[in-house]
Amino acid sequence: MSTSISAFIRMLALICYYGCFRYFPSIVGVKLRRLAARHIFQSCGDRINIAQGVRFGRGGRISIGTNSGIGEDSYIVCIEDVIIGRDVMMGPEVMILTGGHDYTNPSLRLIDQKITSAPVIIGNDVWIGARAIILPGVCVGDRSIIGAGSVVTKDVPAGFIVAGNPAKSIKSLPSSL
């Protein structure tokens, strides 16, 4: 498919998503959001679930693996890549941020500081609780849990439960299924 046709289809999918698909409830809404995501996201696995009200800007830097879901009213700011693995569960109102503002130059007002950004990577078999916030540059290891309301500022090792603000390790998960 030519680049201009592909760009047109992507733009049409974004218009449909934000114009109405984002608001549709039930199974029909899930199917329409999945269809739109296949044309918007960088890559999309099978059986994904984009819940009602999810926002992701233009979404072109998002990759989501098979059998993963983004919870209701979640928000992904994808200035950089956001890679979501397979079998990831996200609760409602999760925020994933890949950008922020620098503050280290004392000779500049905060508003004049540069924008900083870093990708976010979420491994496979991860559960992210409601209203968790994942900040730029964070890597969440496979088979981990992020507690509801947590603010994740540092990498989460594989197989651990983290919670709090800032998120701290609570305990490790059993290693065999």
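Analyst: Two strands are taken to pair if DSSP finds at least two bridges between them. Strands (E, at least two residues) and helices (H or I, at least four) are DSSP runs numbered from the N terminus. The model is predicted, so local features need pLDDT of at least 70 and side-chain atom pairs count only at pLDDT 80 or more, whereas totals for chains, interfaces and linings use all residues. Residue numbers start from 1 along each chain as its sequence is written, and side-chain values rest on heavy atoms, with hydrogens and water left out.

With these criteria, five strands form an open sheet in the order 1-3-6-11-14, and their pairing is parallel. Its edges are strand 1 (43-44) and strand 14 (139-140), each of which pairs on one side only. Within this sheet, strand 6 (residues 82-84) is joined to strand 11 (residues 120-122) by three bridges in the parallel sense. Ile83 stands opposite Ile121 of strand 11.

A nonpolar core is a set of buried Ala, Val, Leu, Ile, Met, Phe, Trp, Tyr and Cys residues joined through side-chain atoms within 4.5 Å. Here buried means under 20% relative accessible area, exposed over 50%, and partly exposed in between, with a 1.4 Å probe and protein chains only. The largest such core has 35 residues, and Ile84 and Ile122 have the most contacts inside it. At least two of its residues come from each of helix 1, helix 2, strand 3 (62-64), strand 6 and strand 11. In soluble globular proteins, nonpolar side chains tend to be buried together.

Contact means heavy atoms within 4.5 Å. Setting aside residues up to four places away in sequence, Ile84 touches Ile62, Ser63, Ile64, Gly65, Ser68, Ile70, Ile76, Met90 and Ile122. One of these partners, Ser68, belongs to the loop between strand 3 and strand 4 (69-70). Ser68 counts as buried because its relative accessibility is 1%. Beyond its neighbours within four places in sequence, Ser68 has contacts that include Arg47, Ile48, Asn49, Gly85 and Asp87.

Asp87 itself lies in the loop between strand 6 and strand 7, and its relative accessibility of 34% is why it counts as partly exposed. Although not a glycine, Asp87 has a positive phi of about 55 degrees. Most residues other than glycine have a negative phi, and most peptide bonds are trans.

Pro119 is partly exposed, at 38% relative accessibility. Apart from neighbours within four places in sequence, Pro119 is in contact with Glu80, Asp81, Pro136, Gly137 and Val138. Pro119 and Cys78 are 41 residues apart in sequence, with C-alpha atoms 8.0 Å apart in space.

A further open sheet has five strands in the order 7-12-15-17-18, with mixed pairing. Strand 7 (89-90) and strand 18 are at its edges; each has a single partner strand, so one side of each is left without a neighbour in the sheet. Strand 12 (residues 127-128) pairs with strand 15 in the parallel sense over two bridges, and Trp127 has Ile145 of strand 15 as its bridge partner. Two bridges also join strand 15 (residues 145-146) to strand 17 (residues 160-163), again in the parallel sense. There, Ile146 is bridged to Val162. Strand 17 and strand 18 (residues 168-172) run antiparallel and share four bridges, with Ser169 of strand 18 as the partner of Val162.

Strand 17 and strand 18 form a hairpin with four residues between them, and Gly164 in the turn has a positive phi of about 110 degrees. The loop between these strands also holds Pro166. The peptide bond from Asn165 to Pro166 is cis, with omega near -5 degrees.
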